Structures are given as C-alpha cells and as structure tokens.
Amino acid sequence: VKCTDTPNLAMGSTFRSDEEPLALLGLKPGHPFPTRAAVESAFRKRALRCHPDRHPKDPLAKARFQRLNRAKEYLLAKASERPQSSNAPAAPTPQGSRRRNVKSNVQSAKEHRQSAEERARREAEERLKQREAEAARRRRRQQEAAAELGSRLAAARAEEQRREETAAQQRRKAEIFEAWQQKKRKAQADQAVQQAQATQARKAQATQEAKRTEDVQLELPEGTDFDRKRGSLSKSSRPSTKGLGNTRHQKALLRLQKRRAGGEVPSS
C-alpha cells in the first residue's frame, strides 16, 4: 500500500469513531479489537512508507505522518481500555517488554538507516539527472554554435566567391578594353605611316617633276615658253625645225619627244 493511498480523512486531533484510525493504519474493523502488537506492526509498516524523509517534495507528508501517530496512540489507548479475552496471551513480563523494546529500537534504527539510504539514493539520482540535463543542454548549445559557425563560414565563402567572380569580370573587361585601345593605336599608327609615306611619295614626285622641268628649261633656247602643268612647249613658242639642222634647239626638241614617248613628260 502506498502512502498516498491512505484515506483522505479529516486532520483534526480527535477521531469520531474507531473506524477512522483503523482505516489509517490499514486494519480491519470488527471483533476482536486489534491488539497493541497488531497496532504497532501496522504503524511501522505505514510509517516506513509515509515517513516525511521518503517524500521530501510532498508538502502533506509531515501532516500525514502526524495523523498516523495520533491514530496509533488512539488505538493503543483503546486496546488498553478493553478487557483481555480468555484466549488472549498472558501479560508480558518486564524482561519480555525490554526485549520487545530492544527489538523495536533495532527495527526503528534499521528502518531509519534504510530511509537514509533511500534518501541518499534519491538525492544521488536527482544529482545525476541534473548533470545529465546540464550535459544535454551543453551539447545542444555546442551543436547550435557549430551550426551557426558553419552557416557563417558558408556565407563568407559565398561572399568571397562572388567577389572573385566580380574581380575576374572586371579584369576581363579591362583586358578587352586594353586590347581595343592597342588595336586602335596600331590602326592610327598604321594610318599615320601610310599618310607619311603618301606625303613623302607626293613630295618626291613633285621634286622629280620640278627637276625635269628645270632640265627642260635649261635645254630650251631663250624666249621659249614652257607649260609647267602640261610639261610641254606652248604652241606660240614652239620653234620651227626648218633650216635648224643640227642646232642646239633641234636636239632639245628630240630629247623632249623621246621623254614624251617614254611617259616621263605628258603630251600636250
């Protein structure tokens, strides 16, 4: 029988009938009335289960134990008042009373020791549960910290990768722009070289034409009009070849005709 299974009777100092204390100690009412030994045995059994030391968290354990003590005292007083039956055992001798008291003290000490051991065992179990709960909370905190650290590392790696991709794109754009600039500078340099070469060719051609014109002018007789643009003698100043023979003017005209035939001097 558990301590909490005792009848929920009033907690007053007196009992209304014999049934209440008998029910508290687990004795059956009726005839014959329980003896002192039966009352003490029933009280020890109930006290072992309902002692406050075995129920430290129960606020009613002390009041219940006191109620059991009052029930025991009430039944012992009733048992002393009732006359002994003919079949009842003889009154105990003083020596037997001492033996019973020693035995009761030993039993009480044993029960007290067992109660203390049980209390120590419960306290140890409670401490063990607290340590296990603290260890579980510590592990949970460590797991949460590890998960948070992992998420931060993943975010940092993603950010670093994004920065590297952005830097690579910027480098590619810079390389493309630099290649375009180099190509543009090369084209401009080639164009400048071509323009310089064309200018030099035009200057050389103009120089050659000027030199040929001077040579022709030097070979023509005085008073002859030479057309620089056409590279030939004007019609008004063309000398007549009649009667010249092998004169100087005839030779100049022959050289001019040869040059014109060779394409050095444009024809008129």
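Modeller: A residue counts as buried when its relative accessible area is under 20%. This is a predicted model.

Colleague: What share of the 268 residues in the protein chain is buried?

Modeller: Buried residues make up 17% of them.

Colleague: And how many helices and strands does the chain have?

Modeller: Five helices and two strands. Along the sequence the pattern reads α-α-α-α-β-β-α.

Colleague: What about contacts with a separation of 6 or more, what share comes from residues 24 or more positions apart?

Modeller: Those account for 57% in the protein chain.

Colleague: Let's go to α2 and α3. At what angle do their axes cross?

Modeller: Roughly 175 degrees, and the axes come within 10 Å. Helix α2 covers residues 36-50 and helix α3 covers residues 61-81. Angles over 145 degrees count as roughly antiparallel, so α2 is roughly antiparallel to α3.

Colleague: Which residues in α2 meet α3?

Modeller: From α2, R36, V39, E40, F43, R46, A47 and C50. On the α3 side they meet A61, F65, L68, N69, K72, L75, L76, A79 and S80.

Colleague: By class, what is in that contact of α2 with α3?

Modeller: Ten nonpolar, two polar and four charged residues.

Colleague: New topic. How many aromatic pairs does the structure hold?

Modeller: Two. In one of them, F43 and F65 are 6.2 Å apart centre to centre, with 45 degrees between the planes, so the pair is tilted. F43 lies in helix α2 and F65 in helix α3, 22 residues apart, and the pair links distant parts of the chain.

Colleague: Is F43 buried or exposed?

Modeller: F43 is buried, because its relative accessibility is 10%. F65 is buried as well, with a relative accessible area of 17%.

Colleague: And how are the rings of F177 and W180 arranged?

Modeller: They form a tilted pair, 5.9 Å centre to centre and with 35 degrees between the planes. Both residues are in helix α4, which runs over residues 94-219. They are three residues apart there, so about one helical turn separates them.

Methods. Residues numbered from 1 in each chain as written. Predicted model: local features only at pLDDT ≥ 70, side-chain atom pairs only at ≥ 80, totals over all residues. Heavy atoms only, no water. Axes fitted to C-alpha atoms, helices over the stretch in contact; angles between N-to-C directions. Helix = DSSP H or I, 4+ residues; strand = E, 2+ residues; numbered from the N terminus. Parallel < 35°, antiparallel > 145°, perpendicular 65-115°, else oblique. Contact = heavy atoms within 4.5 Å. Nonpolar A, V, L, I, M, F, W, Y, C, P; charged D, E, K, R; others polar. Phe/Tyr/Trp six-rings, centres within 6.5 Å; stacked < 30°, edge-to-face > 60°. Buried < 20%, exposed > 50% of the residue type's maximum accessible area, 1.4 Å probe, protein only.
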